[in-house]
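Please walk through this protein model with the structure open beside the text.

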Amino acid sequence: MLSRSRRSAAALLAVCGLAAGTLAACGSGPSGGPAVVTVLGSWTGDEQAGFLAMVRGFEHRTGIQVDYTGTRDADAVLASDLKDGNPPDLAVLSRPGELRQDAADGTLVPIDAALSQQRLARQYAPGWRSLMQAAGPSGARHYYAIIVKAALKSVIWYDPAQFPAGDLSALRSPSLTWDQLTALVRKLARGGVTPWCLGLEDSSDSGWPGTDWIEDIVLHRSGPAVYDQWIAGTLPWTSAPIRRAWQIFGSVATTSGLVRGGAAAALVTSYGQAGQPLFTRPPRCYLDHEASFITAFYTQDQLGGSPHAHPRPRTDFDFIKFPPLSPAGQGSAEVAGDLLGMFRATPAARKLIGYLTTPAAQEAWIRRPGSGALSVNRLVPLRDYPDPVSRELAADLLSTASVRFDASDSMPQIMENAFNNAVLEYLDDPGQLGVILSGLDQVRKASY
């Protein structure tokens, strides 16, 4: 069901002070009423509240009304709207692959004119600016989207209050390697508590938490160059680096005693609930590989089964960086982000796009406790984050030398869907890895 956030024209007129004759200060539409920007996105619940907090200042400053539609079926709604010739002004794109395709097709409108190039260069690092760009129908690169918020994916979560005290310093070591983490995990398993939490269920998108595992292993074992070739479709799924990443993931997910409930439980456990056993008394698992947005779920969990106590950042949950598997993986991180693109160019839509890149807009979302949102604007002060964990996540996001966007999100849609399904097939029958990878290679050849 779609949820809409509308503000009445009467309220907007009052904000703009039209009764006092200050029409020039406010945005106005063709009919003389307040201008409206329609925005379609997948943000609902707390995320929707975060976005509305971002645009509130814009509405008050400009008098332009933001009409937001939030639905988990945003991709399907957008496809239908485009087919009917009635797209929203702006829409959220969760995948760089979708951004590139829509830009090449001419479906998206370039937004260069809505952005200050000098301000972008000052506020956003080159890697992040590149993610906002794509090649248009002529092949020329333009800005086609902005990053509204981002997530750091190369992280592993734990409960410092319950992690075995004798092993905590080893886990937190800045020089921790994958081999050292593996040895620690096996030691924990011998102690009687399953080390890893894992959940792969997410309705029609089930499997993607497993793709995050494999992507992190490829990046941190083989390095950014191999990772880029894989995304571009020039590196076969049957190649040694990719096959080995699957096998390493399998050594965690399909080895008896390492994942809570085993692979069968992981297949039916929601990713948002997988980490709940971190906070039971005693814990039922110790480690959870999830993106930074999982903190929005953690803060809603029950601490020790109490309905009145919730996990607190740093006290009850903290993180370590995903450790390198080789020198090639040092200094790299996998990230994700929500991209906002323009499908109908209006003066009001251009103003909103420009505003959302500013520190003032970004701060409005990240300040919200438990939001899990991170900004990639370098001028957003770390002190504006509501807790020490989110501040550290943001600092890591901005300081990482080699940032790479989620690989599956960067692939063609058909390839991403096949990857998700392949993870589920692998956990169901690890012995079929060769067949699974050969099947993915057939999809690669057909989709690129």
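## Strands, domains and cores

Strands β2 (residues 36–41) and β3 (residues 65–70) pair in the parallel sense, over 6 bridges. The model is a predicted one. Within this pairing, V39 has Y68 in β3 as its bridge partner. Between the two strands the chain passes through helix α2 (residues 45–62). This β-α-β crossover is right-handed.

Strand β2 also pairs with strand β4 (residues 90–93). These two run parallel as well, joined by 2 bridges. Here L40 stands opposite A91 in β4.

Now step back to the whole chain. The domain assignment gives domain 1 (36–152 + 336–403) and domain 2 (155–333 + 409–447). Each is written as two segments of the chain. Their centres, taken over C-alpha atoms, are separated by 27 Å. The contact between them takes 21 residues from domain 1 and 24 residues from domain 2.

The largest nonpolar core here has 78 residues. Within this core, F51 and L356 touch the most other members. The core draws at least three residues from each of domain 1 and domain 2.

Next comes an open sheet of 4 strands. The order is β9-β10-β8-β11, and the pairing is mixed. Strands β9 and β11 (318–321) stand at the edges. Each has a single partner strand, so one side of each is left without a neighbour in the sheet. For β9, 2 bridges make the join to β10, and the two strands run parallel. C197 has D288 in β10 as its bridge partner.

A disulfide is a covalent bond between the sulfur atoms of two cysteines. How many disulfides does a search of the whole structure find? It finds 1. C197 and C285 form this disulfide, with their sulfur atoms 2.0 Å apart. The pair links distant parts of the chain, 88 residues apart. C197 lies in strand β9 (residues 196–197). C285 lies in the loop between α12 (262–268) and β10 (287–289). The torsion about the S-S bond is about 95°, so the disulfide is right-handed.

Are the two cysteines buried or exposed? C197 has a relative accessible area of 2%, so it counts as buried. C285 has a relative accessible area of 0%, so C285 is buried too. The cut-off for buried is under 20%.

One more loop deserves a stop. D159 sits between β8 (155–158) and α7 (165–171). Its relative accessibility is 3%, so D159 counts as buried. Leaving aside neighbours within four places in sequence, D159 is in contact with L278, F279, R281, Y286, T315 and D316.

Conventions. Residues numbered from 1 in each chain as written. Predicted model: local features only at pLDDT ≥ 70, side-chain atom pairs only at ≥ 80, totals over all residues. Heavy atoms only, no water. Core = buried A, V, L, I, M, F, W, Y, C linked by side-chain atoms within 4.5 Å. Buried < 20%, exposed > 50% of the residue type's maximum accessible area, 1.4 Å probe, protein only. Domains from an automatic or database assignment. Disulfide = S-S within 2.5 Å. Pairing = 2+ DSSP bridges. Right-handed = clockwise from strand over helix to strand, strands pointing away. Contact = heavy atoms within 4.5 Å.
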